Amino acid sequence: MLKKEEIINLLQTDDEPALLKRADEVRHQYVGDEVHLRGLIEFSNICRNNCLYCGIRKANKNAHRYRMSEEELIDTARKASDMGFKTIVMQSGEDMYYNTLRMCHIIESIKKFDVAITLSIGERSYDDYKAFKNAGADRYLMRIETTDKDLYHKLNPNMSWDKRHECLLMIKELGYELGSGIMVGLPEQSLESIAGDLLYLQKIGIDMAGIGPFIPHQDTPLKNEQGGTLSLALRTMAVMRILMKDINIPATTAMESLHPKGRIMALQAGANVVMPNVTEGEYRKFYELYPGKICVNEQPLQCRTCIGIKIQSIGRKIGLGYGGHNGKLPIMPQENRYKPL
Ligand code: SAH
(Lines give C-alpha, C1' and ligand atoms only; values in the text may rest on other atoms or scores of the structure.)
Protein backbone atom coordinates (compact mmCIF):
# COMPACT_ATOMS: atom_id res chain seq x y z
CA MET A 1 0.00 0.00 0.00
CA LEU A 2 1.35 3.37 -1.00
CA LYS A 3 0.37 6.51 0.87
CA LYS A 4 -0.56 9.72 -0.90
CA GLU A 5 2.75 11.38 -0.04
CA GLU A 6 4.67 8.45 -1.46
CA ILE A 7 2.64 8.57 -4.66
CA ILE A 8 3.32 12.28 -5.06
CA ASN A 9 7.02 11.64 -4.56
CA LEU A 10 7.00 8.95 -7.22
CA LEU A 11 5.11 11.20 -9.64
CA GLN A 12 7.76 13.89 -9.29
CA THR A 13 10.76 11.59 -9.23
CA ASP A 14 13.96 12.94 -10.71
CA ASP A 15 14.82 9.44 -11.90
CA GLU A 16 12.02 8.80 -14.38
CA PRO A 17 13.77 5.90 -16.15
CA ALA A 18 14.04 4.04 -12.82
CA LEU A 19 10.32 4.53 -12.11
CA LEU A 20 9.31 3.31 -15.54
CA LYS A 21 11.66 0.33 -15.27
CA ARG A 22 10.22 -0.62 -11.90
CA ALA A 23 6.70 -0.55 -13.36
CA ASP A 24 7.90 -2.68 -16.27
CA GLU A 25 9.25 -5.25 -13.84
CA VAL A 26 6.00 -5.34 -11.86
CA ARG A 27 4.09 -5.78 -15.13
CA HIS A 28 6.36 -8.65 -16.16
CA GLN A 29 6.03 -10.34 -12.79
CA TYR A 30 2.28 -9.99 -12.32
CA VAL A 31 0.70 -10.06 -15.77
CA GLY A 32 3.50 -11.49 -17.91
CA ASP A 33 4.68 -10.61 -21.37
CA GLU A 34 1.44 -10.98 -23.30
CA VAL A 35 -0.06 -7.83 -24.78
CA HIS A 36 -3.82 -8.08 -25.11
CA LEU A 37 -5.38 -6.46 -28.15
CA ARG A 38 -8.84 -4.94 -28.15
CA GLY A 39 -10.47 -3.90 -31.40
CA LEU A 40 -11.91 -0.43 -30.89
CA ILE A 41 -15.03 0.60 -32.82
CA GLU A 42 -15.91 4.29 -32.59
CA PHE A 43 -19.52 3.92 -33.63
CA SER A 44 -21.06 7.36 -33.04
CA ASN A 45 -19.71 10.81 -32.28
CA ILE A 46 -23.13 12.22 -31.41
CA CYS A 47 -23.12 13.32 -27.79
CA ARG A 48 -25.54 14.98 -25.40
CA ASN A 49 -22.74 16.29 -23.18
CA ASN A 50 -20.55 19.34 -23.34
CA CYS A 51 -17.28 18.34 -21.71
CA LEU A 52 -14.97 21.31 -22.11
CA TYR A 53 -11.99 19.23 -23.21
CA CYS A 54 -13.72 17.03 -25.77
CA GLY A 55 -13.75 17.56 -29.54
CA ILE A 56 -17.11 15.82 -29.96
CA ARG A 57 -18.87 17.93 -27.30
CA LYS A 58 -22.41 18.81 -28.25
CA ALA A 59 -21.67 22.51 -28.79
CA ASN A 60 -18.91 21.89 -31.33
CA LYS A 61 -20.60 22.88 -34.57
CA ASN A 62 -17.48 22.03 -36.58
CA ALA A 63 -17.66 18.35 -35.74
CA HIS A 64 -18.94 16.27 -38.62
CA ARG A 65 -21.46 14.03 -36.91
CA TYR A 66 -22.04 10.38 -37.75
CA ARG A 67 -23.72 7.34 -36.34
CA MET A 68 -23.21 3.80 -37.62
CA SER A 69 -26.28 1.75 -38.28
CA GLU A 70 -26.74 -1.38 -36.21
CA GLU A 71 -25.85 -3.55 -39.20
CA GLU A 72 -22.71 -1.53 -39.89
CA LEU A 73 -21.59 -1.80 -36.31
CA ILE A 74 -22.22 -5.54 -36.13
CA ASP A 75 -20.46 -6.02 -39.43
CA THR A 76 -17.42 -4.05 -38.28
CA ALA A 77 -17.26 -6.23 -35.18
CA ARG A 78 -17.51 -9.38 -37.26
CA LYS A 79 -14.58 -8.29 -39.41
CA ALA A 80 -12.53 -7.47 -36.32
CA SER A 81 -13.29 -10.88 -34.92
CA ASP A 82 -12.28 -12.49 -38.23
CA MET A 83 -9.01 -10.59 -37.93
CA GLY A 84 -8.39 -12.33 -34.62
CA PHE A 85 -9.50 -9.78 -32.04
CA LYS A 86 -10.85 -11.52 -28.96
CA THR A 87 -12.26 -8.33 -27.43
CA ILE A 88 -14.39 -5.74 -29.15
CA VAL A 89 -14.63 -2.32 -27.52
CA MET A 90 -17.60 -0.23 -28.59
CA GLN A 91 -17.15 3.45 -27.85
CA SER A 92 -19.31 6.47 -28.62
CA GLY A 93 -20.52 9.79 -27.37
CA GLU A 94 -23.61 9.63 -25.16
CA ASP A 95 -25.94 8.98 -28.07
CA MET A 96 -29.38 7.93 -26.91
CA TYR A 97 -30.37 6.67 -30.34
CA TYR A 98 -28.80 3.49 -29.07
CA ASN A 99 -31.55 2.76 -26.59
CA THR A 100 -31.80 -0.34 -24.45
CA LEU A 101 -33.35 -2.45 -27.16
CA ARG A 102 -30.92 -1.48 -29.89
CA MET A 103 -27.86 -1.91 -27.66
CA CYS A 104 -29.02 -5.31 -26.46
CA HIS A 105 -29.60 -6.46 -30.02
CA ILE A 106 -26.12 -5.28 -31.01
CA ILE A 107 -24.50 -6.95 -28.01
CA GLU A 108 -26.32 -10.24 -28.59
CA SER A 109 -25.38 -10.25 -32.26
CA ILE A 110 -21.71 -9.49 -31.62
CA LYS A 111 -21.51 -12.01 -28.79
CA LYS A 112 -22.09 -14.75 -31.38
CA PHE A 113 -18.61 -14.04 -32.75
CA ASP A 114 -17.08 -15.47 -29.57
CA VAL A 115 -15.53 -12.25 -28.38
CA ALA A 116 -15.45 -10.43 -25.07
CA ILE A 117 -17.46 -7.21 -25.29
CA THR A 118 -16.45 -3.94 -23.70
CA LEU A 119 -18.84 -0.99 -23.71
CA SER A 120 -17.68 2.60 -23.42
CA ILE A 121 -20.84 4.61 -23.95
CA GLY A 122 -20.98 6.73 -20.83
CA GLU A 123 -23.62 7.19 -18.18
CA ARG A 124 -26.78 5.11 -18.39
CA SER A 125 -29.39 3.86 -15.94
CA TYR A 126 -28.92 0.85 -13.68
CA ASP A 127 -31.54 -0.99 -15.73
CA ASP A 128 -29.61 -0.32 -18.91
CA TYR A 129 -26.34 -1.53 -17.43
CA LYS A 130 -28.15 -4.62 -16.22
CA ALA A 131 -29.79 -5.28 -19.58
CA PHE A 132 -26.47 -4.86 -21.42
CA LYS A 133 -24.82 -7.27 -19.01
CA ASN A 134 -27.56 -9.83 -19.48
CA ALA A 135 -27.27 -9.42 -23.24
CA GLY A 136 -23.62 -10.45 -23.02
CA ALA A 137 -21.45 -7.40 -22.30
CA ASP A 138 -18.41 -8.38 -20.23
CA ARG A 139 -16.61 -5.14 -19.48
CA TYR A 140 -17.36 -1.47 -19.15
CA LEU A 141 -15.00 1.40 -19.62
CA MET A 142 -15.73 4.81 -18.18
CA ARG A 143 -13.11 7.17 -16.91
CA ILE A 144 -13.79 9.21 -13.81
CA GLU A 145 -11.55 11.82 -15.54
CA THR A 146 -10.55 13.49 -12.25
CA THR A 147 -11.50 13.05 -8.60
CA ASP A 148 -11.25 16.77 -7.96
CA LYS A 149 -14.99 17.42 -7.84
CA ASP A 150 -14.70 21.16 -8.36
CA LEU A 151 -12.54 20.66 -11.40
CA TYR A 152 -14.86 17.94 -12.69
CA HIS A 153 -17.86 20.22 -12.45
CA LYS A 154 -16.03 23.02 -14.22
CA LEU A 155 -15.01 20.70 -17.02
CA ASN A 156 -18.28 18.81 -17.33
CA PRO A 157 -21.16 21.29 -17.19
CA ASN A 158 -24.53 19.74 -16.31
CA MET A 159 -22.86 16.56 -15.15
CA SER A 160 -22.41 15.32 -11.63
CA TRP A 161 -19.28 13.70 -10.27
CA ASP A 162 -21.32 11.78 -7.72
CA LYS A 163 -23.52 10.39 -10.46
CA ARG A 164 -20.53 9.19 -12.48
CA HIS A 165 -19.08 7.62 -9.36
CA GLU A 166 -22.41 5.90 -8.71
CA CYS A 167 -22.43 4.57 -12.26
CA LEU A 168 -19.00 3.03 -11.74
CA LEU A 169 -20.18 1.33 -8.58
CA MET A 170 -23.32 0.00 -10.31
CA ILE A 171 -21.24 -1.38 -13.14
CA LYS A 172 -18.96 -3.13 -10.71
CA GLU A 173 -21.83 -4.52 -8.69
CA LEU A 174 -23.42 -5.96 -11.81
CA GLY A 175 -20.32 -8.06 -12.34
CA TYR A 176 -18.72 -6.29 -15.26
CA GLU A 177 -14.98 -6.01 -15.39
CA LEU A 178 -14.62 -2.34 -14.64
CA GLY A 179 -12.27 -0.06 -16.49
CA SER A 180 -11.85 3.54 -15.45
CA GLY A 181 -9.13 6.11 -15.52
CA ILE A 182 -8.19 9.73 -15.81
CA MET A 183 -6.65 12.38 -17.98
CA VAL A 184 -3.48 14.07 -16.81
CA GLY A 185 -2.46 17.62 -17.56
CA LEU A 186 -5.94 19.08 -17.13
CA PRO A 187 -6.04 22.78 -16.28
CA GLU A 188 -5.56 23.38 -12.54
CA GLN A 189 -4.81 19.70 -11.90
CA SER A 190 -2.02 19.17 -9.37
CA LEU A 191 0.14 16.14 -8.68
CA GLU A 192 -1.65 15.83 -5.38
CA SER A 193 -4.93 15.64 -7.25
CA ILE A 194 -3.55 12.92 -9.53
CA ALA A 195 -2.31 10.99 -6.49
CA GLY A 196 -5.86 11.18 -5.12
CA ASP A 197 -7.18 9.87 -8.43
CA LEU A 198 -4.94 6.82 -8.28
CA LEU A 199 -5.98 6.04 -4.73
CA TYR A 200 -9.61 6.38 -5.77
CA LEU A 201 -9.16 3.91 -8.63
CA GLN A 202 -7.52 1.52 -6.20
CA LYS A 203 -10.30 1.94 -3.67
CA ILE A 204 -13.15 1.18 -6.05
CA GLY A 205 -11.23 -1.86 -7.27
CA ILE A 206 -10.98 -1.30 -10.99
CA ASP A 207 -9.87 -4.11 -13.30
CA MET A 208 -8.43 -1.79 -15.92
CA ALA A 209 -6.96 1.72 -15.77
CA GLY A 210 -6.72 4.00 -18.79
CA ILE A 211 -4.48 7.00 -18.30
CA GLY A 212 -3.95 9.50 -21.03
CA PRO A 213 -2.64 13.02 -21.51
CA PHE A 214 -5.21 15.76 -22.03
CA ILE A 215 -4.64 17.21 -25.51
CA PRO A 216 -6.34 20.58 -26.17
CA HIS A 217 -8.74 20.61 -29.11
CA GLN A 218 -8.97 23.74 -31.27
CA ASP A 219 -12.79 23.74 -31.32
CA THR A 220 -13.26 23.63 -27.55
CA PRO A 221 -13.13 26.23 -24.77
CA LEU A 222 -9.83 24.70 -23.60
CA LYS A 223 -8.05 25.32 -26.90
CA ASN A 224 -5.44 27.60 -25.36
CA GLU A 225 -4.53 25.32 -22.48
CA GLN A 226 -1.19 23.58 -22.24
CA GLY A 227 -2.32 19.98 -22.08
CA GLY A 228 -0.53 17.02 -20.53
CA THR A 229 2.90 15.72 -21.41
CA LEU A 230 3.83 12.19 -22.36
CA SER A 231 6.24 12.15 -19.45
CA LEU A 232 3.52 12.88 -16.90
CA ALA A 233 1.19 10.33 -18.49
CA LEU A 234 3.89 7.64 -18.40
CA ARG A 235 4.80 8.40 -14.82
CA THR A 236 1.19 8.28 -13.72
CA MET A 237 0.65 5.01 -15.54
CA ALA A 238 3.81 3.56 -14.00
CA VAL A 239 2.68 4.49 -10.49
CA MET A 240 -0.72 2.96 -11.23
CA ARG A 241 1.02 -0.31 -12.12
CA ILE A 242 3.04 -0.24 -8.92
CA LEU A 243 -0.13 0.45 -6.94
CA MET A 244 -2.37 -2.15 -8.62
CA LYS A 245 0.01 -4.80 -9.76
CA ASP A 246 -2.15 -7.22 -11.72
CA ILE A 247 -4.74 -5.03 -13.45
CA ASN A 248 -4.92 -4.39 -17.17
CA ILE A 249 -3.38 -1.12 -18.30
CA PRO A 250 -3.64 0.07 -21.90
CA ALA A 251 -0.98 1.97 -23.76
CA THR A 252 -3.35 4.74 -24.76
CA THR A 253 -3.75 6.17 -28.22
CA ALA A 254 -3.42 9.72 -26.89
CA MET A 255 0.13 8.85 -25.78
CA GLU A 256 1.04 7.90 -29.34
CA SER A 257 -0.48 11.14 -30.57
CA LEU A 258 2.16 13.01 -28.57
CA HIS A 259 5.06 10.82 -29.64
CA PRO A 260 5.43 8.31 -32.51
CA LYS A 261 6.63 5.67 -30.06
CA GLY A 262 4.23 6.61 -27.27
CA ARG A 263 2.48 3.27 -27.05
CA ILE A 264 5.69 1.26 -27.20
CA MET A 265 7.14 3.43 -24.45
CA ALA A 266 3.99 2.78 -22.43
CA LEU A 267 4.23 -0.97 -22.97
CA GLN A 268 7.72 -0.74 -21.47
CA ALA A 269 6.51 1.28 -18.49
CA GLY A 270 3.71 -0.85 -17.11
CA ALA A 271 1.12 -1.22 -19.87
CA ASN A 272 -0.06 -4.63 -21.14
CA VAL A 273 -3.00 -3.78 -23.42
CA VAL A 274 -3.35 -1.98 -26.76
CA MET A 275 -6.61 -0.98 -28.40
CA PRO A 276 -6.05 -0.77 -32.17
CA ASN A 277 -8.71 1.13 -34.02
CA VAL A 278 -10.93 -1.09 -36.19
CA THR A 279 -13.33 1.67 -37.22
CA GLU A 280 -13.61 1.84 -41.01
CA GLY A 281 -13.56 4.58 -43.60
CA GLU A 282 -13.95 8.24 -42.73
CA TYR A 283 -15.52 7.65 -39.35
CA ARG A 284 -12.22 7.47 -37.51
CA LYS A 285 -11.29 10.93 -38.71
CA PHE A 286 -14.62 12.30 -37.48
CA TYR A 287 -14.26 10.70 -34.05
CA GLU A 288 -11.90 13.46 -33.05
CA LEU A 289 -11.76 13.76 -29.26
CA TYR A 290 -8.43 15.58 -29.56
CA PRO A 291 -6.28 16.74 -32.49
CA GLY A 292 -3.38 14.79 -33.92
CA LYS A 293 -5.14 11.45 -33.55
CA ILE A 294 -3.07 8.67 -35.06
CA CYS A 295 -3.97 6.33 -37.94
CA VAL A 296 -6.97 8.33 -39.20
CA ASN A 297 -6.22 7.26 -42.77
CA GLU A 298 -5.49 3.62 -42.04
CA GLN A 299 -7.77 0.63 -42.33
CA PRO A 300 -8.28 -1.99 -39.59
CA LEU A 301 -5.93 -4.63 -40.96
CA GLN A 302 -3.13 -2.10 -41.35
CA CYS A 303 -3.48 -1.12 -37.70
CA ARG A 304 -3.56 -4.73 -36.59
CA THR A 305 -0.46 -5.62 -38.58
CA CYS A 306 1.45 -2.49 -37.59
CA ILE A 307 0.91 -2.89 -33.87
CA GLY A 308 1.69 -6.62 -34.10
CA ILE A 309 5.09 -5.84 -35.57
CA LYS A 310 5.80 -3.19 -32.95
CA ILE A 311 4.87 -5.51 -30.09
CA GLN A 312 7.09 -8.27 -31.40
CA SER A 313 9.95 -5.84 -31.93
CA ILE A 314 10.19 -5.29 -28.18
CA GLY A 315 10.15 -9.00 -27.44
CA ARG A 316 6.55 -9.23 -26.29
CA LYS A 317 3.85 -11.53 -27.59
CA ILE A 318 0.25 -10.95 -28.51
CA GLY A 319 -2.20 -12.45 -26.05
CA LEU A 320 -4.23 -15.32 -27.47
CA GLY A 321 -7.10 -15.29 -24.99
CA TYR A 322 -9.74 -12.79 -23.95
CA GLY A 323 -7.21 -11.11 -21.69
CA GLY A 324 -9.47 -10.47 -18.73
CA HIS A 325 -8.23 -9.29 -15.36
CA ASN A 326 -7.19 -12.25 -13.19
CA GLY A 327 -8.47 -14.66 -15.79
CA LYS A 328 -12.03 -13.69 -14.84
CA LEU A 329 -13.15 -14.74 -18.28
CA PRO A 330 -12.61 -18.41 -19.10
CA ILE A 331 -9.45 -19.44 -20.85
CA MET A 332 -10.35 -20.33 -24.41
CA PRO A 333 -10.05 -23.86 -25.69
CA GLN A 334 -6.98 -24.31 -27.85
CA GLU A 335 -8.94 -24.98 -31.04
CA ASN A 336 -10.77 -21.65 -30.82
CA ARG A 337 -7.65 -19.60 -30.56
CA TYR A 338 -6.43 -17.70 -33.50
CA LYS A 339 -2.96 -17.77 -34.99
CA PRO A 340 -1.28 -14.38 -34.80
CA LEU A 341 -0.60 -12.85 -38.19
N1 SAH B 1 -18.87 8.89 -23.82
C2 SAH B 1 -17.95 7.91 -23.29
C3 SAH B 1 -16.65 7.90 -24.06
C4 SAH B 1 -15.87 9.17 -23.87
S5 SAH B 1 -14.50 9.40 -24.96
C6 SAH B 1 -17.75 8.18 -21.83
O7 SAH B 1 -18.25 9.16 -21.31
O8 SAH B 1 -17.12 7.37 -21.16
C9 SAH B 1 -13.24 8.54 -24.12
C10 SAH B 1 -12.26 9.34 -23.32
O11 SAH B 1 -11.52 10.23 -24.13
C12 SAH B 1 -12.84 10.26 -22.27
O13 SAH B 1 -13.25 9.54 -21.14
C14 SAH B 1 -11.68 11.21 -21.99
O15 SAH B 1 -10.90 10.76 -20.91
C16 SAH B 1 -10.87 11.13 -23.29
N17 SAH B 1 -10.77 12.47 -23.93
C18 SAH B 1 -11.77 13.28 -24.32
N19 SAH B 1 -11.29 14.44 -24.79
C20 SAH B 1 -9.94 14.38 -24.71
C21 SAH B 1 -8.87 15.27 -25.03
N22 SAH B 1 -9.09 16.49 -25.53
N23 SAH B 1 -7.60 14.85 -24.81
C24 SAH B 1 -7.37 13.62 -24.34
N25 SAH B 1 -8.32 12.74 -24.01
C26 SAH B 1 -9.61 13.10 -24.19
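Predicted model: local features only at pLDDT ≥ 70, side-chain atom pairs only at ≥ 80, totals over all residues.
Visitor: Where is Asn158 found?
Guide: Asn158 is in the loop between α6 and α7. Helices here are DSSP runs of H or I with at least four residues, strands are runs of E with at least two, and both are numbered from the N terminus.

Visitor: OK, back to Asn158. Buried or exposed?
Guide: Asn158 counts as exposed, at 82% relative accessibility. The cut-offs are under 20% relative accessible area for buried and over 50% for exposed, with partly exposed in between, using a 1.4 Å probe and protein chains only.

Visitor: And what's its phi?
Guide: Positive, about 65 degrees, although Asn158 is not a glycine. Glu188 is another non-glycine with a positive phi, at about 70 degrees. Glu188 is in the loop between β6 and α8 and is exposed, with a relative accessible area of 60%.

Visitor: What happens at the start of α7? And just after it?
Guide: At the start, a side-chain oxygen of Ser160 comes to within 3.3 Å of the backbone nitrogen of Asp162. Just after α7, Gly175 has a positive phi of about 95 degrees.

Visitor: Which residues of α7 are buried?
Guide: Trp161, Arg164, His165, Cys167, Leu168, Met170 and Ile171. They pack against α5 (126–135), β5, α6 (149–155), β6 and α8 (191–204). As background, an α-helix has 3.6 residues a turn, so residues three or four places apart point the same way.

Visitor: Which side chain does Arg164 join in a polar contact?
Guide: Glu123, at 3.1 Å. A polar contact is a pair of N or O atoms within 3.5 Å; within protein, one must be able to donate a hydrogen and the other to accept it, and residues adjacent in sequence count only if both are side-chain atoms.

Visitor: New topic: how many cavities does the search find?
Guide: There are 3 cavities of 30 Å³ or more in the whole structure. On a 1 Å grid over the protein atoms alone, a cavity is a set of points where a 1.4 Å probe fits but cannot get out, and lining residues have an atom within 4 Å of a point. Points are joined across faces, edges and corners, and the volume is the space filled by probe spheres set on them.

Visitor: How much space is in the largest cavity, then?
Guide: About 1000 Å³. It has 50 lining residues, with Gln91, Ser120, Arg143, Tyr287 and Leu289 nearest its centre. By class, the lining of the largest cavity has 29 nonpolar, 13 polar and 8 charged residues. Here Ala, Val, Leu, Ile, Met, Phe, Trp, Tyr, Cys and Pro are nonpolar, Asp, Glu, Lys and Arg are charged, and the others, Gly among them, are polar.

Visitor: Which element gives the most to that lining?
Guide: β7, with 4 residues.

Visitor: And the second largest cavity: how much space?
Guide: About 120 Å³. It is lined by 15 residues, and Arg38, Thr118, Arg139, Leu141 and Met208 are the closest to its centre. β3, β5 (139–141) and β6 each give two or more residues to that lining.

Visitor: Last one: Pro276. Where is it found, and what is it in contact with?
Guide: Pro276 is in the loop between β8 (273–274) and α12 (283–286), and is buried at 3% relative accessible area. Beyond four places in sequence, Pro276 contacts Leu37, Arg38, Gly39, Leu40, Phe85, Cys303 and Ile307. The C-alpha atoms of Pro276 and Ile307 are 7.5 Å apart, with the two residues 31 apart along the chain.

Technical notes. Residues numbered from 1 in each chain as written. Heavy atoms only, no water. 1 Å grid on protein atoms, 1.4 Å probe; cavity = no way out; pocket = protein on both sides within 12 Å on 5 of 7 lines; lining within 4 Å. Contact = heavy atoms within 4.5 Å.
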